[in-house]
Amino acid sequence: MRITISGPPGSGKTTACNNLSEALGLKAVVFGKIFREIAAEKNISLIELGAMAEKDPTIDKGIDERIVEIARENEDIILESRLSAYMLKRNDIPAFKIYLYASPEVRMARIGVREGDSFEKAMADTIERQASEAKRYMMYYNIDINDMSVYDLIVNTDDLTPDEVLELILDAIEG
């Protein structure tokens, strides 16, 4: 079974992806990690890489083509990225598509802890990142990142533990 996990920064995507991978024994590919690696290789921030990607479509398109390629090659895999559900749908690749979200306050607190930043810095950086992503997705793919119609399951992670998120996902997959 192919599974996609999407959502905004700080929603719990990577944690859910890792937990689901362990529970189902499926390989997981986290594309946000790839974006981070590209930024690190260039010795720039995620914000700076996002700005570069607004001018150079090959950055996003290379990652997004890889999503489709990996999905075609693997019937049993978990793909975590903002656009994985859209990319698979557009390419008629079947998958169970999950969207995780959380309130901005919860997401910014999580990001601040993860990145070692203040709440204010996490908020400013995340707002800028999300605006850049939304702009690029619309510009390159005509995708409104706020369109939830592609998802099979939508989960608010605000008040849930990672184990509770996993349980909801497993119940939905089995159902």
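A: The buried residues of α6 are R107, M108, I111 and G112. Here buried means under 20% relative accessible area, exposed over 50% and partly exposed in between, with a 1.4 Å probe and protein chains only. Helices (H or I, at least four residues) are DSSP runs, numbered from the N terminus.

Q: What do the buried residues of α6 pack against?

A: They pack against α7 (119-141), where contact means heavy atoms within 4.5 Å. Just after α6, G116 has a positive phi of about 75°.

Q: What should I know about the source of these values?

A: This is a predicted model, in which local features need pLDDT of at least 70, side-chain atom pairs count only at pLDDT 80 or more, and totals for chains, interfaces and linings use all residues. Residues are numbered from 1 along each chain as its sequence is written, and side-chain values use heavy atoms, with hydrogens and water left out.

Q: Is S21 buried or exposed?

A: S21, in helix α1 (residues 13-24), is buried, with a relative accessible area of 17%. Leaving aside residues up to four places away in sequence, S21 touches L26, K27, A28 and I78. S21 and I77 are 56 residues apart in sequence, yet their C-alpha atoms are 8.3 Å apart in space.

Q: Which residues lie nearest the centre of the largest pocket?

A: A pocket is an open set of points on a 1 Å grid over the protein atoms alone, where a 1.4 Å probe fits, with protein on both sides within 12 Å along at least five of seven lines; lining residues have an atom within 4 Å of a point. In the largest pocket, P9, K13, T14, E80 and R114 lie nearest the centre, among 37 lining residues. Its volume is about 740 Å³, counted as the space filled by probe spheres set on the points, which are joined across faces, edges and corners.

Q: Which helix gives the largest share of the lining of the second largest pocket?

A: That share, five residues, comes from α7. The second largest pocket holds about 260 Å³ of space.

Definitions and conventions:
Helices (H or I, at least four residues) and strands (E, at least two) are DSSP runs, numbered from the N terminus.
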